[in-house]
Amino acid sequence: MCSILYAMPREYPTLTEQREPTREGVLAAARSIAAILPPAPLLPVEIAGVMAHVKAESLQPVGAFKIRGGWWRLSNLTEEERARGVVAVSSGNHAQGVAWAARRLGIAATIVMPRNAPRVKLEATRALGAEIVLYERPGEDRDEVAAKLVAERGSVLVHAFGDPWVIEGQGSAGVEIEAQLGHAPSRLVVCCGGGGLAAGLALACPESAIHVVEPEGWDMVGRSLAAGEIVRAGPNPPSTICDALQPDATKPINLAVLQGRAEPGVAVTDEEVRAAQRFAFAKLNLVVEPGGAAALAAALAGKVPVDADTVIMVTGGNTDAASFAATIGGD
């Protein structure tokens, strides 16, 4: 099946040809992903006396939803682009998604990662066969590091959220959710870094409310939605345990999809995130990393409405044993 999939004609132009992500692209991505991965579980959960649902993307082969966008982007490269390899920038989850797809498709992958990324994410990315180039966070501009590699090697940049194929790939989760529920969710509560997943879900589920949830002080998508233009993080943003949700700004392609579609943004504290991690472990038997628990944190804290057709995205489970044990123990 996979060899046939690889040989399928590309439905879209290359990255150098500008295009916008579409719902048709999301549906095509969902068909492609369904051929290689089973649906991520949709789990019932009770919050404040209301039964809702959790989409457990933390149970993906790379421990995060990022496998979706990585696969769809790389499987749409031309043979010539595949031969030049890909470059991605990530603190770990997008890194693994791209590395997983690259290994499966026989494409060389180089990932620009912060030196202070969680060790479990660095080691998992390296184990998937990707070359890792480290940069200092804060201190160095990761996009500049990636741009230099792209210029030197002629590789294709696979952006973590500002890429139409990546957005469509992430949106495939929404197609799965509708099939699992038997109808569109009333609302989707989404952990948000740069807005790739939120934008993809907005395209996948046009009837559903989209609630973006970000760490306090890093709510650049929420602020951008409120301002109607891209707002960047300040020079000294606060620390957050949500390492996966720290882009300093969204991209125009994401804001264009979300503007007029997303509800006002919500920000959560580190302690609310830790409480959500503990809840997921106790009630759902899920190991969830901080960034992957942000949406659940907002729901548990009453910062977003919840009803029987609400789906809360639990987006990642890549956390090391020591920090997770400390969180679960309440340290």
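Mentor: What follows covers the sheet, a helix across it, and then a helix pair and a salt bridge elsewhere. This is a predicted model, in which local features need pLDDT of at least 70 and side-chain atom pairs count only at pLDDT 80 or more, while totals for chains, interfaces and linings use all residues. Residues are numbered from 1 along each chain as its sequence is written, and side-chain values use heavy atoms, with hydrogens and water left out.

Helices (H or I, at least four residues) and strands (E, at least two) are DSSP runs, numbered from the N terminus. Two strands pair if DSSP finds at least two bridges between them. Here 6 strands make an open sheet with mixed pairing, in the order 1-2-10-7-8-9. Strand 1 (42-47) and strand 9 (266-268) are at the edges with a single partner strand each, so one side of each has no neighbour in the sheet. From one strand to the next the twist averages 30°; axes are lines fitted to C-alpha atoms, for helices over the stretch in contact, and angles run from 0 to 180 degrees between N-to-C directions.

Strand 1 runs antiparallel to strand 2 (residues 50-56), and 6 bridges join them. Pro44 stands opposite His53 in strand 2. The two strands form a hairpin with 2 residues between them, and Ala48 in the turn has a positive phi of about 50°. Strand 7 (residues 187-191) and strand 10 (residues 310-314), by contrast, pair in the parallel sense over 3 bridges. Leu188 stands opposite Val311 in strand 10. Helix 9 (residues 196-204) lies across strand 7, strand 8 (209-215) and strand 10, at about 160° to strand 7.

Now the helix pair. Helix 3 (residues 66-75) packs with helix 5 (residues 93-105) at an angle of about 45°, their axes 8 Å apart. That makes helix 3 oblique to helix 5 (angles under 35 degrees count as roughly parallel, over 145 as roughly antiparallel, 65 to 115 as roughly perpendicular and the rest as oblique). In contact (heavy atoms within 4.5 Å) are residues including Trp71 and Leu74 in helix 3 and Val98 and Trp100 in helix 5.

Last, a salt bridge is a side-chain nitrogen of Lys or Arg within 4 Å of a carboxyl oxygen of Asp or Glu. The side chains of Arg19 and Glu168 form one (2.9 Å, N to O). Arg19 lies in the loop between helix 1 (2-7) and helix 2 (23-34) and Glu168 in helix 8 (residues 164-181), so the pair ties together parts 149 residues apart in sequence.
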